[in-house]
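Hello,

Here is the structure you asked for. My notes on what turned up in it follow below.

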Amino acid sequence: MKRSKAAHKSMEPALQAKYLFHHDRALTFKKFPFDSMKTATCTSAALAAAGFYCTATKEAPTSAKCPFCLKELEFDPEDDPWEEHLKRGQNCEFVKLNKLDDKSWTVEETIRLGNVCRIQQNFENQIAFLDGLKVSTTTNVAKLKLK
Ligand SMILES: [Zn+2]
């Protein structure tokens, strides 16, 4: 088995909570299709405010994801991102906190949400790493020959 450098790098723990703050999530949206539609409620600004960052691809150009609960949704122009997040993210720490403006967070809330973000990032990195090794994530650990 050959380990690629990219896969190796992804095992490094995430030290920064990349999408913790609204500002950083907003920067991930570039030429979001609904931003040019006058009647759309689901703009990149509304998505970033509701906790989402852009995960758009050619196949799913309106896809966005929550870094706190990892819910990834494909949005429609008339969606209200925060309503969708409330509906589908009952266990999401960002939804539970219910303070969209991160400037209103206390230090404790910021630390807690930052930790949630990092844990989720590390989880995703490790899943991607195992994917790179072609290890099924549902394999029983006893069957892995770990050195
Ligand atoms: Zn969420």
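Two residues count as being in contact here if their C-beta atoms, placed from the backbone, lie within 7 Å. By that rule, and leaving aside neighbours within four places in sequence, Ala64 is in contact with Leu47, Phe52, Tyr53, Cys54, Thr55, Leu73 and Phe75. Please keep in mind that this is a predicted model.

Overall layout. The protein chain has six helices and three strands. Along the sequence the pattern reads α-α-α-β-β-β-α-α-α. The C-alpha trace spans about 55 × 40 × 25 Å along its principal axes. Of the 147 residues in the chain, 22% are buried. Among contacts with a separation of 6 or more, 53% are between residues 24 or more positions apart.

The sheet. The three strands form an open sheet in the order E1-E2-E3, and the pairing is antiparallel. Strand E1 (53-54) and strand E3 (72-74) are the edge strands, each pairing on one side only. Two bridges join E1 to strand E2 (residues 63-65), in the antiparallel sense. Ala64, in E2, stands opposite Cys54.

Helix H4. In helix H4 (residues 81-88), the buried residues are Pro81, Glu84 and His85. Seen down the helix axis they fall within an arc of 100°, so they line one face of H4. Their cover includes H3, E3 and H5. On the face turned away from the buried side, H4 carries the exposed residues Glu83 and Lys87.

Ile119. This residue lies in helix H6. Is Ile119 buried, exposed or partly exposed? A residue is buried if 20 or more other C-beta atoms lie within 10 Å of its own, and exposed if 12 or fewer do. Ile119 has 14 within that distance, so it is partly exposed.

Regards

Notes. Residues are numbered from 1 along each chain as its sequence is written. This is a predicted model: local features need pLDDT of at least 70, side-chain atom pairs count only at pLDDT 80 or more; totals for chains, interfaces and linings use all residues. Two strands pair if DSSP finds at least two bridges between them. Helices (H or I, at least four residues) and strands (E, at least two) are DSSP runs, numbered from the N terminus. The arc is that of the directions from the helix axis to the C-beta atoms.
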